[in-house]
Amino acid sequence: MNAVLCFIISYLVGCIHPAAIIAHIKGFDIRTHGTGNPGGTNAILTMGKKIGIGVILIDGFKAFFAVRIPLYIWNYSIEICTMCGICCLIGHVFPFQMRWKGGKGTASLFGIILGLTPWIFAPVLAALLIIGLYTNNANLLPLITVTAYPGIFYILKGSLFAVLLLAGLIPLFYWEHRKNLQKHRNGEEKHTFREIMLSDRHK
């Protein structure tokens with residue numbers, strides 16, 4: 001398969017939003033409930049843990065397969081596979097069919113990490129869980145991850161071009177989380193890490 005076509009397909013797969021689809025089936029627009037974000041966290045807050053975790057898994061595995069399928073089926077380079085994962089994440093954040101207003105890409109980022117470096121996924125997740133419980137700030141976790149991962153990836157893989165691609169996600173993530181960070185600084189953040197973890201809301 002042509003690499004450009006692979007990028008396009010990865011973007012289109014990223015545009016699929018299970019949270020928005022399930023909420024529509026349930027009779028409401030997830031973008032007008034909870035945090036207003038069509039991602040896994042808001043799915044937990046508005047539709048309960050089971051659905052929310054399912055949404056997170058789907059969003060994550062979209063990016064995982066966007067990385068792994070080109071790697072193992074078409075034997076593409078790590079740089080092209082990284083770009084496929086990033087295209088999937090961009091599709092999640094900027095879906096054309098939702099007027100370019102999608103999720104924040106956190107689950108997709110973890111899907112990319114699982115696809116590129118699966119052996120560090122569990123330790124990274126465990127470390128972030130500890131940080132989340134300690135700081136009680138859910139918005140901090142993806143920012144720590146997206147900032148630290150390019151350096152970790154370079155140590156493990158040594159591909160400077162792929163590192164630059166991953167580093168390009170840093171300003172995107174800080175931009176997408178800017179309002180939440182401001183709310184946290186002002187003490188106005190309604191949905192803390194512990195609240196999200198303990199949420200059992202169903203609608």
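Guide: In this predicted model, the largest nonpolar core has 35 residues, and L89 and L169 are the ones that touch the most other members. Seven helices each supply at least two residues of this core: α4 (49–72), α5 (78–93), α6 (106–116), α7 (121–135), α8 (140–157), α9 (160–167) and α10 (169–176). The largest share, six residues, comes from α6.

Leaving aside residues up to four places away in sequence, L169 touches I86, L89, L109 and V146. There is also a second, separate core of seven residues, among them A19, A23, I30 and V55. In soluble globular proteins, nonpolar side chains tend to be buried together.

Now consider α6 itself. Ten of its eleven residues are buried, so α6 is largely enclosed by the rest of the structure. The buried residues run through A107, S108, L109, F110, G111, I112, I113, L114, G115 and L116. Their cover includes α4, α5, α7, α8, α9 and α10.

Not counting residues up to four places away in sequence, H92 touches G14, C15, H17, P38, D59, K62, G102, G103, K104, G105 and S108.

Technical notes:
Residues are numbered from 1 along each chain as its sequence is written. This is a predicted model: local features need pLDDT of at least 70, side-chain atom pairs count only at pLDDT 80 or more; totals for chains, interfaces and linings use all residues. Side-chain values use heavy atoms; hydrogens and water are left out. A nonpolar core is a set of buried Ala, Val, Leu, Ile, Met, Phe, Trp, Tyr and Cys residues joined through side-chain atoms within 4.5 Å. Buried means under 20% relative accessible area, exposed over 50%, partly exposed in between (1.4 Å probe, protein chains only). Helices (H or I, at least four residues) and strands (E, at least two) are DSSP runs, numbered from the N terminus. Contact means heavy atoms within 4.5 Å.
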